Amino acid sequence: MDDPVSVREVMNREYIGASAADDLVETTELLVREGEPTALVLQGNDPVGVVTKEDILGHLVSAGRPDGATVGDVMTESFPSIAPDARLPEARDRMATYSTEWVVVVEDGEPLGTLTGQDILSAVRLESEMTTRVEEQTQLATSGQTVPADGTADDGFEEQGICSACGTLTRSLASLNGQLLCADCRDV
């Protein structure tokens, strides 16, 4: 746990993509339905901007009606991006610099996904829990107590969690795309 977690390990590989010519109302409906804060505006595979809920609200305040508006009318051309091999502290700093809760993960000019502040918090929490478990196991081993093969100190429920995908109660949860998943769901 000495190396900080990389962006690639916790980024969300799914994102909403839009074209500058897409209808603004349809794109807004998609953002709301998917619960996403932003859509990446693409020209082919190249990211050329983003449209956020704030951009849409700003357009409504200034122009009044969204009828006939396109994503290109409201998109922001500059957006925070980060390489997938960057570390989470750098991603957090990039979000702070741009005053956003997200960054676009880009490699060789192509978008790979997004990373949100929530993704970072989940990863830090999981990393902290894993470090605590290793420290507890080390203390047990040095005190002469036997550590079970599964690495747990006892059979209590406090070391278990529920998989976000299948609802299984398990000890082996890991963060993937912003969700805590069991081993079976991570393999799917």
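## Terms and model

Angles run from 0 to 180 degrees between N-to-C directions. Please keep in mind that this is a predicted model.

Start with the open sheet, where three strands follow the order β1-β2-β3 and the pairing is mixed. Its edges are taken by β1 (17–18) and β3 (46–52); each has a single partner strand, so one side of each lacks a neighbour in the sheet.

Strand β2, residues 38–43, joins β3 through six bridges in the antiparallel sense. Across β1, β2 and β3 lies helix α2 (residues 24–34), which runs at about 135° to β2.

## A parallel pair

Next come β4 (residues 81–82) and β5, paired in the parallel sense over two bridges. Here I82 has V105 of β5 as its bridge partner.

Is β5 enclosed or open? Of the six residues in this strand (102–107), five are buried, so β5 is largely enclosed by the rest of the structure.

## The cavity

How many cavities of 30 Å³ or more does the structure hold? There is one, and the largest cavity has a volume of about 50 Å³.

Its lining is made up of E14, Y15, I16, E36, P37, T38, W102, T114 and T116. By type, these lining residues divide into four nonpolar, three polar and two charged.

Definitions and conventions
Residues are numbered from 1 along each chain as its sequence is written. This is a predicted model: local features need pLDDT of at least 70, side-chain atom pairs count only at pLDDT 80 or more; totals for chains, interfaces and linings use all residues. Side-chain values use heavy atoms; hydrogens and water are left out. On a 1 Å grid over the protein atoms alone, a cavity is a set of points where a 1.4 Å probe fits but cannot get out, and a pocket is an open set with protein on both sides within 12 Å along at least five of seven lines; lining residues have an atom within 4 Å of a point. Grid points are joined across faces, edges and corners, and a volume is the space filled by probe spheres set on the points. Ala, Val, Leu, Ile, Met, Phe, Trp, Tyr, Cys and Pro count as nonpolar, Asp, Glu, Lys and Arg as charged, and the others, Gly among them, as polar. Two strands pair if DSSP finds at least two bridges between them. Helices (H or I, at least four residues) and strands (E, at least two) are DSSP runs, numbered from the N terminus. Contact means heavy atoms within 4.5 Å. Buried means under 20% relative accessible area, exposed over 50%, partly exposed in between (1.4 Å probe, protein chains only).
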